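Good morning, colleagues. Please have the sequence and the structure open while I speak.

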Amino acid sequence: MTDRRRVLGPADAVPFTLDNIKPTEVEQKSLDIGSIFVKTGVVENANGSAYLELDDIKIVAIVHGPRPMRGLFTTSAILNVDTKFLPVSLCDIESKSAVVSSTQLTQYIRSASTTQSSSLQKNVSSYVHTSLLPSILVEKYPKSTIDVSISVLSSSNNTKTTVAAAVSCAGAALADSGLECTDIVTAGSVLLDENKATVSPSRAPTSEIDGVVSYMAASKKIVGMWIEGGNVSEKQMEEIFDKTEEMAREIRGVMHGVLLEQ
Amino acid sequence: MPFSPAEIDYLRKSLQATPTIRPDAREPNQFRPVDAAQNFLPATNGSARIRTSDGGECIVGVKAKVVKNSSVDELIAVEVDIDDIRDDSPLPKLLSAVLQTLILSSIDTNRLRLTRSNYAFKLHIDALVLSHTSFPLNLVSLAIFLALKCTRLPLLVSSANDEEHEEVPVFSDDWEESLALCGGEILANNSGSEAISWTPPLVFSLAVVGNNILVDPTHEEESVSDLGLIMGWCNGQVCAPLRIIDLASAGGNVSPEQLSQQQSMLEQGIDLNMKGTSRKLIMKAYSLLTNTAPEVVAALDATADEEDGALF
């Protein structure tokens with residue numbers, strides 16, 4: 001690692017193009033978390049990075065740090081998380097295919113990126129921050145910052161699944177960075193219908209409960225929780241924890257495989 | 001205000017003890033005494049002010065506006081403003097988002113409908129936190145509860161049926177005839193269904209210290225907590241949003257001195273960093289809230305009844 005002070009663009013960057021978008025409706029099985037692909041070390045000039053695909057979701061997380069901090073003396077590292085939803089990732093697929101001309105598309109993207117994303121980005125950043133912080137041994141890095149930046153290239157219709165993927169991807173990037181950690185953070189999402197629970201849901205909730213819970217699977221700790229959507233009974237709470245833990249474990253398993261290979 | 005290592009150690013150890021010892025000798029499920037007033041803003045449909053013993057103060061005004069052709073999601077707008085903190089910083093954003101989703105999910109929007117297809121009331125709930133030392137969520141939530149409790153909407157005198165021809169809503173001039181937003185009558189009038197009264201939702205912040213859960217944590221308790229839990233309460237049940245937040249840094253508003261102070265604690269082996277929680281503790285918080293929240297609601301209802309009729 002040579003230059004720790006600046007973030008340079010990757011040398012092998014290619015422009016992102018949009019083609020062959022078709023809306024698809026697939027009936028989701030309740031215990032199927034979808035197909036996952038994880039690759040670490042995708043960005044050369046970062047300390048750690050990971051790319052994660054979970055069905056339609058595509059996320060890149062980059063970790064820079066420990067980087068020296070100016071002006072302020074602290075005896076342990078400060079974690080900063082910055083999340084960016086690429087404008088294209090926010091438009092849902094149906095409306096994307098309805099937009100015909102390229103100027104229309106640009107306008108659509110612009111409006112989508114200003115209205116919805118800013119508060120969502122802040123919410124997701126603070127959630128990821130809360131989830132990751134307990135896993136890092138920040139005391140080992142005085143006078144420095146650890147910067148995690150997450151780019152959501154493509155998101156699912158369900159925000160909680162996207163958030164779960166973002167946490168897991170950032171967890172993998174941290175593991176790749178070689179920073180001292182106590183555990184790897186992974187997360188699971190769930191949507192509770194009246195009678196069934198869908199793990200890693202891909203549709204947006206109407207009035208059902210949906211949530212994401214982050215775990216440090218090895219030490220069996222919950223490090224983040226974000227549940228929305230009406231009354232939650234004690235049984236439903238248990239179910240949310242059961243299902244999300246299952247998904248978090250499964251992602252953790254995939255991650256172990258990827259990390260051991262390297 | 002940063003604490004010395006000795007203070008932090010003392011606080012942490014006494015809060016972790018079984019049974020927990022809080023600096024102000026409260027029970028784990030006991031709130032600080034609050035001072036409440038309702039209906040003191042004549043220009044609003046409902047208002048409330050809450051003060052706590054640590055000097056925290058919050059005022060809330062609810063204003064209703066007639067809107068045309070709006071979607072159901074837009075009928076409630078919660079705006080939390082905190083003195084000394086920028087509007088777009090994370091803390092007020094978080095509070096507004098949490099309270100807005102909570103109120104929207106608990107209210108039957110038929111209460112706000114005026115005509116069947118076009119017109120409805122939109123409630124603007126504006127909270128202003130004048131001063132606070134601890135995480136202001138409890139304060140704002142209690143004040144909004146009381147303000148909604150005393151909110152009254154003018155009586156509609158024109159026809160509610162506008163499916164065939166356009167109808168502009170006309171209201172009775174007599175404020176004596178206005179209907180309480182939370183009463184059953186308004187729902188019966190608007191939707192023809194049964195008269196069910198509504199209890200506004202509440203949201204609590206709880207601090208987790210070791211194996212203990214504390215409601216209504218003070219600033220001292222927050223700064224040594226492992227983490228904070230946000231839990232909603234509506235219609236006699238725990239409800240979403242359920243979130244884990246970092247109370248020790250209260251939404252990312254720590255001053256640099258405070259931060260370096262906390263870091264120096266770490267050096268001396270005093271563990272301040274939040275290290276996650278277990279499922280058992282979250283379920284413990286859940287049952288604690290199930291036992292405590294009804295009492296809080298009852299206490300607030302009693303305050304609301306006492307104050308009733310104080311309008312203008």
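I begin in chain B, where F204(B) has M231(B) of strand β10(B) as its bridge partner. Please keep in mind that this is a predicted model. The strands concerned are β8, residues 202–209 of chain B, and β10(B), which pair in the antiparallel sense over seven bridges.

Strand β10 of chain B comprises residues 227–234, and eight of its eight residues are buried. In general, the side chains of a regular strand alternate between the two faces of the sheet. In β10(B), L227(B), L229(B), M231(B) and W233(B) point one way, while G228(B), I230(B), G232(B) and C234(B) point the other way. Both sets are buried.

β10(B) also pairs with strand β11, residues 237–245 of chain B, in the antiparallel sense and over six bridges. Within that pairing, G232(B) has C239(B) as its bridge partner in β11(B). The hairpin of β10(B) and β11(B) has two residues between the strands, and N235(B) takes a positive phi there, near 50 degrees.

Is K280(B) buried or exposed? Its relative accessibility is 72%, and because exposed means over 50%, K280(B) counts as exposed. The C-alpha atom of K280(B) is separated by 9.5 Å from that of N211(B), although the two residues are 69 apart along the chain.

Next, chain A. Here an open sheet of five strands, with mixed pairing, has the order β1-β2-β3-β5-β4. Its edge strands are β1 (36–40) and β4 (78–85), each of which pairs on one side only. From one strand to the next, the twist averages 15 degrees.

One of the residue pairs is F37(A) with E53(A), the latter being the bridge partner in β2(A). Helix α6, residues 234–261 of chain A, lies across β1 and β2 of chain A and runs at about 40 degrees to β1(A).

Finally, helix α5 of chain A, residues 159–177, has 19 residues. From first C-alpha to last it reaches 27 Å, close to the 27 Å expected at 1.5 Å a residue. How many of the residues of α5(A) are buried? The helix is mostly covered, with 16 of its 19 residues buried. At the start of α5(A), a side-chain oxygen of N158(A) comes to within 2.8 Å of the backbone nitrogen of K160(A). After α5(A) comes G178(A), whose phi is positive, near 80 degrees.

Technical notes: Residues numbered from 1 in each chain as written. Chains lettered and ligands numbered in written order. Predicted model: local features only at pLDDT ≥ 70, side-chain atom pairs only at ≥ 80, totals over all residues. Heavy atoms only, no water. Pairing = 2+ DSSP bridges. Helix = DSSP H or I, 4+ residues; strand = E, 2+ residues; numbered from the N terminus. Axes fitted to C-alpha atoms, helices over the stretch in contact; angles between N-to-C directions. Contact = heavy atoms within 4.5 Å. Buried < 20%, exposed > 50% of the residue type's maximum accessible area, 1.4 Å probe, protein only. Expected span 1.5 Å × (residues − 1). Polar contact = N/O pair within 3.5 Å; in protein donor to acceptor, adjacent residues only side chain to side chain.
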